[in-house]
Amino acid sequence: MQAIARRSVFVVPLAVLSLMASAESGAVPAAAPAPNREAVSVRLPSEAFSAMETISPEHIRWHVRFLAHDLLEGRGTGQRGGDIAAEYIATQFAEYGLKPAGDNGSYLQKVPLVGVTTLPDTQFALFPKQGPSMDLKPLDDYVAYDQTQQPQSDVDADIVYVGYGIEAPEYNWDDYKGMDVRGKVLLMLVNEPPSDDPKFFKGKALTYYGRWTYKYEEAARKGAVGVILIHREDMASYPWEVVRNSNSGEKSFLKLEGPALKVASWVQFDVAKKLVAGSGADLDKLITDASSRDFHPVTLGAKLRTHMVSKVRNFESNNVLAILPGSNRNLKDQAVMYTAHYDHLGIRPNMPGDNIYNGAADNATGCGILLELARAYSAAKEHPGRSIIFAAVTAEEQGLLGSEYLGKHPPIPAGKIALDLNYDDVRPLGAAEEVEVSGAERTTFYPWVQATAKEFRLAIRPDARPEAGHFYRSDHFSMARVGIPSFSINEGMKFKGHDEAWGLAQDKEYTEKHYHQPSDEYHPEMDFTGDSAMARFGFALGWEAASFSKLVGWQKGDEFEAARAKSQ
Ligand SMILES: [Zn+2]
């Protein structure tokens, strides 16, 4: 999972848990939380059920043991260890007899990447309508990247304040009001208009419109040359340090395929306040104005002048793709997809001590599950009607880049992919009694997810902090963006033989001591029972989605409904 992306450690009481205790049956084998066999086998054909039952915690362990080995040097994107991991996964796919779904009949899909570092020669100055120019200090006052991936570029443009910078027809919201912003620099707020109404930008929950990535993309689509995001801690939900840290050093992008900003930047709140004051306006009032549907863009009579100087480095990595052809003549050109990222943070040769980011939990576990699913599907004596795509994606830690590329270049058109199920950081903590499927409730598939969870005796744990927008920070989101109904499957906090507090404590310790650190390593005492349960659960869901007569869709009014319609 990406940084600032950890599942939260906040407690949500779950009434459902008490139901689970009563569901426990005497016939449950000690090793795994057994599904209600009868119920599941009614839903799945017997060949599928038998194949599902071969999914084993020990198989997943073997993959994690290898992928998290020091010899793989943390599976860095564009590094040798990452390439070895890709080759290992491709070899497994071949062994299972799966068809290659990458470039030119291979299992590998090349993902062209560009690393951009903003260099100290960069100049960034604001010219308020009145008063002296403001020569800003990098990292302290502002951060900026040139998304056009050029070594040098210049901007000298008028600044227009566009409120939240959102155009969302499904909420009858348009901050641009048709204004021509080509060649302009747009000053805007992060997050989205505040509301408790679940029908308006999902109430307190963050939608994609609230994320800064959307704001950059929308501005570029409209022809703007730059964006200045205003950082106010409560609106961003993180301090300036986070902006500063994630905007210094090299940043990776997919090689340019569409419009991009010459200046994608953030400034400190006080900087923006001063700039706006130079136009005789008050920033606090402008922020209030922006929460109204009647808001219109405000031309500030101010200018941004930048000279961006960047180091641009081209490199590449690969997604690993395989396909199991469907058995139904009419459905086989459609698919269900499974995804898991195989990359992690690599090796830091100059760091003293242990400098290998093994990424055992994040995300050798997801790869182990993906491979075990691939093996089980291949071994089934009968195959589902739709084809099944298995995708181990790269560059997740760089900003979901491998999956973004896959979403734009899928082996089967996005509009024909019924569902994507993603696995990211499924910790080996024992027999899981809960499952997290945040986002599933947004799809038409949710009734089946609920029924299947019940049959597997897994309580669905709701997202504890929807306002943090975790849905937008793992690879399934790249698929949602191109319209594919998608979500991640993970364990909750309740494990067999432990109370919820134990699960929460494990989560907290992992977040503080091991998440994105060299100590996220494989240990033989790890228990992959829960990983196996998540794989079986996902197997049953995927098989069902691959067999329905109709494709899964998004619920009416969902923010991804339009993308789905466009793709079909
Ligand atoms: Zn991660």
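**Entry 1**

I started with an open sheet of three strands, in the order E20-E19-E22, with mixed pairing. Strand E20 (459-460) and strand E22 (490-491) stand at the edges. Each has a single partner strand, so one side of each is left without a neighbour in the sheet. I then looked at one of the pairings. Strand E19 (residues 434-436) runs parallel to E20, and two bridges join them. Glu 434 faces Ala 459 of E20. I note here that I am reading a predicted model.

**Entry 1: strands E3, E4 and E13**

Next I went to strand E3 (residues 123-127). E3 pairs with E13 in the antiparallel sense, over five bridges. I picked out Gln 123 and found its bridge partner in E13, which is His 307. E3 also pairs with strand E4 (residues 134-135), again antiparallel, over two bridges. Here Ala 125 stands opposite Asp 135. E3 and E4 make a hairpin, with six residues between them. In the turn I found Gly 131 with a positive phi of about 95°.

I followed E13 to Thr 299, which lies in that strand (residues 298-324). What does Thr 299 touch, leaving out residues up to four places away in sequence? I found Ile 159, Val 160 and Met 179. I also checked Thr 299 against Tyr 171, 128 residues apart along the chain. Their C-alpha atoms are separated by 25 Å.

**Entry 2: rings**

I turned to the aromatic residues. The whole structure holds 35 aromatic pairs. I looked at one, Trp 173 with Phe 200, which is edge-to-face.

I then looked for charges over rings. The charged end of Arg 305 sits over the ring of Phe 127, 4.2 Å from its centre. Lys 222 lies over the face of Tyr 176, at 4.7 Å from the ring centre.

Nonpolar side chains tend to be buried together in soluble globular proteins. I looked for such groups here. The largest nonpolar core has 73 residues, and Phe 93 and Phe 390 touch the most other members. Helix H11 (residues 360-379) gives the most to this core, with ten residues. I listed what Phe 93 touches beyond four places in sequence: among them are Leu 98, Tyr 107, Val 320, Leu 370, Ala 374 and Phe 390. There is a second, separate core of 71 residues. Its members include Val 155, Phe 200, Trp 240 and Met 308.

I went to helix H12 (residues 401-408), which is mostly covered. Six of its eight residues are buried. They are Leu 401, Gly 402, Ser 403, Tyr 405, Leu 406 and Gly 407. What do they pack against? I found E13, strand E2 (108-118), strand E11 (251-254), strand E14 (335-341), strand E17 (387-393) and helix H14 (476-481).

Most residues other than glycine have a negative phi, and most peptide bonds are trans. I looked for exceptions. Ala 395 is not a glycine, yet has a positive phi of about 55°. Ala 395 lies in the loop between E17 and H12, and counts as buried because its relative accessibility is 0%. Leu 400 is in the loop between E17 and H12 too. Its phi is positive as well, near 60°. Leu 400 counts as buried at 6% relative accessibility. I also found a cis peptide bond, from Asp 362 to Asn 363, with omega near 5°. Asn 363 is in helix H11.

**Entry 3: Asn 355**

Last, I looked up Asn 355, in the loop between strand E15 (346-347) and strand E16 (356-357). Why does Asn 355 count as buried? Its relative accessible area is 14%, and the cut-off is under 20%. The side chain of Asn 355 reaches the backbone oxygen of Met 351 at 3.3 Å. Leaving aside neighbours within four places in sequence, Asn 355 is in contact with Gly 346, Ile 347, Arg 348 and Pro 349.

Notes: Residues numbered from 1 in each chain as written. Predicted model: local features only at pLDDT ≥ 70, side-chain atom pairs only at ≥ 80, totals over all residues. Heavy atoms only, no water. Phe/Tyr/Trp six-rings, centres within 6.5 Å; stacked < 30°, edge-to-face > 60°. Lys NZ or Arg CZ within 6 Å of the ring centre and 35° of its normal. Helix = DSSP H or I, 4+ residues; strand = E, 2+ residues; numbered from the N terminus. Buried < 20%, exposed > 50% of the residue type's maximum accessible area, 1.4 Å probe, protein only. Polar contact = N/O pair within 3.5 Å; in protein donor to acceptor, adjacent residues only side chain to side chain. Contact = heavy atoms within 4.5 Å. Core = buried A, V, L, I, M, F, W, Y, C linked by side-chain atoms within 4.5 Å. Pairing = 2+ DSSP bridges.
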